[in-house]
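Work through the following exercises with the model open beside you. Each one sets a task and is followed by a solution that goes step by step.

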Amino acid sequence: MKVFASLLVVIFSAFCISPAAAKVPPADLVFKNGNIYTVNGARPKAKAVAIKGDRIIFVGSNRGAQQYVGRNTRVVDLSGKTVVPGMTDAHHHLFGVGFREITLNLEGITSLDDFLAKVKARVDQARPGEWITGRGWIETFWKPPVFPTRADLDKIAPNNPVLLDRADGHGAVANSAALKIAGIDRNTPNPFGGEISKDKQSGEPNGMLLDAAQDLVQLHIPGPTAEDAERALLLGVKRNVELGWTQVQDAGGNYAEVALFRKLYGEGKIKLRIYKALSAPGKEAQQLFREGPIIGEHGHRLTVRAVKLYVDGSLGSRSAALLEPYSDKPDTSGFLTIKEEELRPFLEEALRKGVQIETHAIGDRGNRFVLDAYEKAFTSVAHRDRKKRDPRWRVEHSQIINPADIPRFAKLGVIPSMQPSHAIGDLHFAPSRLGIKRLAGAYAWASLIKSGSIIPGGSDAPVERGEPMIEFYAAVARKDMKGFSGEGWHPEEAVTREQALKMFTIWPAFAAFEEKLRGSIAVGKLADFTILSADVMKIPEIEILQTRCVMTVIGGEIVFEVKQY
Ligand SMILES: [Zn+2]
């Protein structure tokens, strides 16, 4: 026994010193004295990591990392700062975020008067006839909380066409000049999947356009120039890396955007990873079916293998498709925005071509409709006829789910991709839209996880602000930013901090087929880290909102750093 034990010691010490003896290659970068949460079950905590090229080559103690320090190794002392795997926003609109920075940003306005004042200031600078566009207003906290009308806008903008998107993008208000250009009057029928809101008394359009009806005006607005698009993208990327995002999963768009990503990656101007879904159905999706996915270009920065569909609208605009009528407007249950005859063949082709589907579904009818459609496609296309056996199809938002449908996600292998900030914003008005009973399946994170689902977490920026700490806080606190939680908010649906961390790291990686590449801190994986000013796994909930990103590392490169922290 003694011989055996000493033999073990010999083997053990030989093993321990072997890297040094074998002269491990020196790292390019070593982080030491970190408070590192790895999201790797085999070794959940560490103090140091070593990086060579774009990969992690060591995770462990400060002493262990020392052997990787060579003459040209940069050593960064984190002095106890918290490190998590590079955070991912699983539902993001990158150009929307960029354009929010360069057009009229209407976020955070608290009254109709302020809204009109802000728009007027812009109109005053515009040339006659120039389009005024903007985004981000939300009437929920206005008194009274009613949509603005074209009459409101006509007072301040008689000569310029105006179209202003609600924050959720599912409704917009237009003035008379804009409606005139689009040829919309009292006789214009609602397009499929949309609604031209009309005044109850006069029957005239009141300016609000829901979902597909927005396009009737939108198509008359001159598109952004190539320069505008590039400027918006650079601003959007800059904002994201400063907030600590290392990848965004961009929900919708086109090949022109992909071409711009490639150009800017080629020029070294953007470093953020982008997992792109193309808008569908239509010509972009057809091109993806024809040409096949783009996977891991530019050092695993760019992947295009998914398409984004819509089956309904939003709860705020009452265009989400519900099984029963809205509690605060019993003459409507919302509406579906796609026909089953159109969806079925599309889904089957996607399965055969190995294209991932991301479908926007908000209402309980919308969610059931998607699950049914996915299930039918899975049954009708056999495994051998699929390019990818495990297609990892997603439902974006999955906000209101009939409790009977919750277990169907895990059973079908369908991934609910959800945005915690939607819950803490929407739960202020969801009780009136849905009634207390239907809230049982609303933003049901804990129930979904318990039933076996993973939940990639996202922000849906620019619908929401798009900040990782707001999302993390919303997921664990399920209270609004002031710490308020109302009747019917279901605090038991909040998640643990460990689960919340997974929502923004390994779960979005899985939802992008990248769980072997990123999403946790382990040897061999891409060196993506988000470094935070406080220990979000331990501090009181409300302090999460004051936590800042102090450094962002993508592929072993420090792409953002607060100089003094
Ligand atoms: Zn979205």
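**Exercise 1. Determine which hand the crossing of α8 and α9 has, and which residues make the contact.**

Solution. The crossing of α8 and α9 is right-handed, a crossing being left-handed if the near helix is turned anticlockwise from the far one by less than a right angle, and right-handed if clockwise. The axes of α8 (residues 226-243) and α9 (residues 255-266) come within 11 Å and cross at roughly 65 degrees; axes are lines fitted to C-alpha atoms, for helices over the stretch in contact, and angles run from 0 to 180 degrees between N-to-C directions. Helices (H or I, at least four residues) and strands (E, at least two) are DSSP runs, numbered from the N terminus. On the α8 side the contact (heavy atoms within 4.5 Å) is made by Ala229, Glu230, Leu233 and Leu234, and on the α9 side by Leu260, Phe261, Lys263 and Leu264. These residues divide into six nonpolar, no polar and two charged, where Ala, Val, Leu, Ile, Met, Phe, Trp, Tyr, Cys and Pro count as nonpolar, Asp, Glu, Lys and Arg as charged, and the others, Gly among them, as polar.

This is a predicted model, in which local features need pLDDT of at least 70 and side-chain atom pairs count only at pLDDT 80 or more, while totals for chains, interfaces and linings use all residues. Residues are numbered from 1 along each chain as its sequence is written, and side-chain values use heavy atoms, with hydrogens and water left out.

**Exercise 2. Describe the lining of the second largest pocket.**

Solution. The second largest pocket has a volume of about 670 Å³. On a 1 Å grid over the protein atoms alone, a cavity is a set of points where a 1.4 Å probe fits but cannot get out, and a pocket is an open set with protein on both sides within 12 Å along at least five of seven lines; lining residues have an atom within 4 Å of a point. Grid points are joined across faces, edges and corners, and a volume is the space filled by probe spheres set on the points. Of the 26 lining residues, the closest to the centre of this pocket are Phe147, Ser197, Asn206, Arg318 and Lys329. Strand β13 (194-198) and strand β14 (205-211) are the elements that give two or more residues, and β13 gives the most, with four residues. By class, the lining divides into nine nonpolar, seven polar and 10 charged residues.
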